[in-house]
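Morning, everyone. Please have a look at the structure before I start.

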Amino acid sequence: MNRYHLPILSIITSLFLSASFNTSANIRVFACEPEWGALVEELAGDKVTIFVATTAQQDPHHIEARPSLIAKMRRADIAVCTGAELEVGWLPLLLRISGNKKIQANQPGYFEATSQIETLDKPEKLDRSLGDVHASGNPHVHLGPYKLLTIAESLKDRFVKIDSSQTHYYEQRFNDFKQRWLAAILLWEQRAKPIKNSQAIVYHKNWAYLFDWLHIRRVAELEPIPGVPPSAAHLAKLKQQFAPSPPNFILYGPHQNAKPANWLAKKIDAPAIELPFTIGGNKNAVDLFSLYSNTIDKLLIAMQ
Ligand SMILES: [Zn+2]
């Protein structure tokens, strides 16, 4: 290198340094589902620009790897997703096509919620003839409040890792969230007492973590096997089985067909209830706190 190159190099170096120390440059987050977008908002607030890849009206098992999603993934600093094979049909493809090295699996820019906790419903043996069974257990973890807190702490640690100049900020945000969240859990547990030991037929095992927490019993599913839409034969069987002693509710989400639930509701005299399932699932579920409150409210009203 001759000496004429030196000033250019130092200009480039100083540009690079100023870019990496520029605190106004937000971390770009690719959140696979609305719940993770909401959690990132709680933990990282104005340090991030969040793109949420899916809505509550979409089934997260089945998303199309559209070019617009690839473009967002290409520019992301971190991807925050569910894992446990929930996004197996679209996320690996997006990651590969994006060519973004920062967010590939095993990189700090790739965060999987289900890898931070012990999942429920882990199959003892894997039999694909039983349908869309997830080998790593039930991926729908965000409605278990204690598990969500564990995930939040790991996610905070991840933000500290990729953006260490803001460590204090992330620690403070997490502590604030933790305090509000634990206080909310106490209130929810108090309010939800009347639904303890209630029984539910569910469209899919979406609410396994909520049920585990609030002691609600899942007695059947509308899907004959996971991932397969309710069939007439299966619904007829459920009608026969539950008409003599109906469960407290039949639950479905905004991304699921209401018709089978409504049909069965009439036949067995149990209320069919649409729960928000995630942020944006109805107009009241605007963040994690209101998602939980609204879910419990809807179950309480149905019990009366
Ligand atoms: Zn599922």
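I'll cover a metal site, then a helix.

First, the ground rules. This is a predicted model, where local features need pLDDT of at least 70, side-chain atom pairs count only at pLDDT 80 or more, and totals for chains, interfaces and linings use all residues. Residues are numbered from 1 along each chain as its sequence is written, and side-chain values use heavy atoms, leaving out hydrogens and water.

Now the metal. Which residues coordinate the zinc ion? His-61, His-140 and His-204 do, each through NE2, at 2.2 Å. Donors here are N, O and S atoms within 2.8 Å of the metal (3.2 Å for Na, K and Ca); water is not among the atoms, so sites may look incomplete. Along the chain, the spacing reads H-x78-H-x63-H. His-61 sits in the loop between strand E2 (48–52) and helix H3 (67–74), and His-204 in the loop between strand E5 (199–202) and helix H7 (208–214), 143 residues apart. Helices (H or I, at least four residues) and strands (E, at least two) are DSSP runs, numbered from the N terminus.

Buried or exposed? His-61 is buried, with a relative accessible area of 11%. His-204 is buried too, at 7%. Buried means under 20% relative accessible area, exposed over 50%, partly exposed in between (1.4 Å probe, protein chains only).

On to helix H9, residues 258–268. Its buried residues are Pro-260, Ala-261, Leu-264, Ala-265 and Ile-268. They lie on the same side of H9, because they cover an arc of only 135° around the axis, taken from the directions from the helix axis to the C-beta atoms. The face turned away carries exposed Lys-259 and Lys-266. After H9 comes Asp-269, with a positive phi, near 60°.
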